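Please examine the sequence and the model below before reading on. The paragraphs that follow lead from the overall fold to individual side chains.

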Amino acid sequence: LAGTYEAGRDLSRGVVQRIRDQKALLLDRFVRPVVTIARAQIDPASDAGVPAELRMPKLPISPTALLTKCDAMVEVGRRYAPMFAAHGLPEDFFTRFTAARNELARIIQERKTQVNAHVVARAGLAVQLRRGRRALERIDALVRATFRGDTATLTAWRTAKRVQLQPGGGSRVVAEREQPVDRVQPVRVLM
């Protein structure tokens, strides 16, 4: 679980960068050329004007909002495909645009999957920490009973048994609950 937690966090950071890169690619290679040609070729004084779908979105834009904008731009842009092709865009421009848009959607889904794995792993770590602390409490009772008169060993044990409150919590340590062990029978430990 700890490995999944750490790997999920690190992979998620890489995916966030890939989302930024894919957004930049979409805006620079697809959205801006469509907007520029549409502004230059569709007369703003006409009754129709430049369709809202072919206008530049307000930046910064979220990845999901960009997906929606791309969908609308591709749908309307295909109606004007001959005009865009006549002004230098390749014949398969809107097919490439759709492929780039789909890549962004795939990366966003990958991020959601990784975030979910990270959340599940973190919850699993909390469960494992609780189980470990319970086991440590049982061991603590045995160690205290066994080494009751050995101050040096008990002091070393008190230090060794400390567990962090949360993963990555720095130097925070669980406060020990020191309770005298009066009625526990000594247990022989074979080493």
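How many helices and how many strands are there in the chain? The chain has 5 helices and 0 strands, and its pattern along the sequence reads α-α-α-α-α. Helices (H or I, at least four residues) and strands (E, at least two) are DSSP runs, numbered from the N terminus. The model is predicted, so local features need pLDDT of at least 70 and side-chain atom pairs count only at pLDDT 80 or more, whereas totals for chains, interfaces and linings use all residues. Residues are numbered from 1 along each chain as its sequence is written, and side-chain values use heavy atoms, with hydrogens and water left out.

Confidence comes next. The mean pLDDT (the predictor's confidence in each residue, from 0 to 100) is 83 for the chain, and 77% of the residues reach 70 or more. Contact here means heavy atoms within 4.5 Å.

Of the 191 residues of the chain, 29% count as buried. A residue is buried under 20% relative accessible area, exposed over 50%, and partly exposed in between (1.4 Å probe, protein chains only). Of the contacts in the chain with a separation of 6 or more, 66% are between residues 24 or more positions apart.

In soluble globular proteins, nonpolar side chains tend to be buried together. The largest nonpolar core of this model has 30 residues, of which Leu26, Val34, Leu54, Phe84 and Phe97 touch the most other members. Such a core is a set of buried Ala, Val, Leu, Ile, Met, Phe, Trp, Tyr and Cys residues joined through side-chain atoms within 4.5 Å. Helices α1 (2-41), α2 (63-79), α3 (81-86) and α4 each supply at least two residues of this core, and α1 gives the most, with 10 residues. Leaving out residues up to four places away in sequence, Phe84 touches Val34, Ile37, Ala38, Leu54, Gly77, Leu89 and Phe94.

The whole structure holds 6 aromatic pairs. Rings of Phe, Tyr and Trp (its six-membered ring) pair if their centres lie within 6.5 Å; planes under 30 degrees apart count as stacked, over 60 as edge-to-face and the rest as tilted. Phe93 and Phe97 form an edge-to-face pair, with 6.0 Å from centre to centre and 65 degrees between the planes. These two residues are separated by about one helical turn because they lie 4 residues apart in helix α4 (residues 93-146). Phe94 and Phe97 form a stacked pair, at 6.4 Å centre to centre and 20 degrees between the planes. Phe94 is buried, with a relative accessible area of 6%, and Phe97 is buried at 0% relative accessibility. Ring pairs link Phe30, Phe84, Phe93, Phe94 and Phe97 into a cluster.

Finally, consider His87, which is found in the loop between α3 and α4. At 38% relative accessibility, His87 counts as partly exposed. Apart from neighbours within four places in sequence, His87 is in contact with Ile37 and Gln41. The side chains of His87 and Gln41 are joined by a polar contact of 3.1 Å. A polar contact is a pair of N or O atoms within 3.5 Å; within protein, one must be able to donate a hydrogen and the other to accept it, and residues adjacent in sequence count only if both atoms are side-chain atoms.
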